[in-house]
Amino acid sequence: MAATLDVRPIAGALGAEIHGIDLARDLTDDLLGAIRQAFLDHLVVFFRDQSLSSAQFMAFARCIGKPITYPFVPGLEGFPEITAVVKRPDQTVAFGGNWHTDTTYFPEPPMATMLIARELPPRGGDTQFANQYSAYDSLSDGMKSLLSGLRWVSRSDKAEASRTREDRATAERTVLIADHPVVRTHPETGRKSLYVNLAHTAHFLGMTEEESMPLLQFLFRHQARPEFTCRFRWAPGSVALWDNRCTLHQAINDYNGFRREMQRITLSGDVPV
Ligand code: SIN
């Protein structure tokens, strides 16, 4: 019998908290199937008050997908696929502090990302997410048809992204480049979503930056409209699991002078089509 979850949406656009689960213990096949369905339905799901060691966080990640390493910041000792996402009190730039979907400069960008909150500022440090099915669905038919054949180039050295790794990266000399469709079809739901992002989209394939930017600027503004978003307030032990194939996210940098530490795992994906 399929497990029934206590799923509580946190906004109209996307995002739901799942209550009553201990991720360190309760992971039966039925429950994992129900979590997967909630993830597909709500695009980002949250679990509160999880007391997970790095090994338990990794075990949960392996139940959802295949953890992969992040190319620019070394992983935790003993857990190369777990990246510490830290902002120290003396730092003013937040990792992931503008709208993006993770590591689209890979030919096969990650299907999902998981984040667990370890240490938080007394206020602020929320994360926002944006629903890219809604961003696509709300475009005019004319714009949808213009975008349908277009591809874009993703570069890991685009300034909007590389400056958010400032003071953290160890391998910035490596430049990773891939190209992807502007509109992708989700391999599990079959729905179309807008698949560009401010941090990693450099230009349309076959066009210059100057030619690409007017339309890209429109898309960057459009895809983050408030009605497509939700905002999550973390507490220590909160866990998020989001679908990179149909969402954007950004870390809100409003807590200078305080420390925030998260741990992140990305899960391998496929070639966007
Ligand atoms: C990220 O972009 O992966 C980090 C998001 C956050 O720290 O809230």
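Biologist: How far is an oxygen atom of the ligand from an N or O atom in the side chain of His249?
Modeller: That gap is 3.1 Å, and a polar contact here is a pair of N or O atoms within 3.5 Å. One heads-up: this is a predicted model, where local features need pLDDT of at least 70 and side-chain atom pairs count only at pLDDT 80 or more, while totals for chains, interfaces and linings use all residues. Also, residues are numbered from 1 along each chain as its sequence is written, and side-chain values use heavy atoms, with hydrogens and water left out.

Biologist: What are the distances from a ligand oxygen to Arg260 and to Arg264?
Modeller: A polar side-chain atom of Arg260 sits 2.8 Å from a ligand oxygen, and for an N or O atom in the Arg264 side chain it's 2.9 Å.

Biologist: How much of the ligand does the protein bury?
Modeller: 100% of the 260 Å² that the ligand exposes when taken alone, going by Shrake-Rupley areas with a 1.4 Å probe.

Biologist: Which elements give two or more residues to the shell around the ligand?
Modeller: Strand 15 (247-251) and strand 16 (260-267); strands are DSSP runs of E, at least two residues, and helices are runs of H or I, at least four, numbered from the N terminus.

Biologist: New topic: at what angle do helix 1 and helix 2 pack?
Modeller: About 75°, with the axes of helix 1 (residues 29-42) and helix 2 (residues 54-64) 10 Å apart. Axes are lines fitted to C-alpha atoms over the stretch in contact, and angles run from 0 to 180 degrees between N-to-C directions. So helix 1 is roughly perpendicular to helix 2, a label for 65 to 115 degrees.

Biologist: Which residues make the contact?
Modeller: Leu32, Ile35 and Arg36 from helix 1 meet Phe60, Cys63 and Ile64 from helix 2, where contact means heavy atoms within 4.5 Å.

Conventions: Angles under 35 degrees count as roughly parallel, over 145 as roughly antiparallel, 65 to 115 as roughly perpendicular and the rest as oblique. A polar contact is a pair of N or O atoms within 3.5 Å; within protein, one must be able to donate a hydrogen and the other to accept it, and residues adjacent in sequence count only if both atoms are side-chain atoms.
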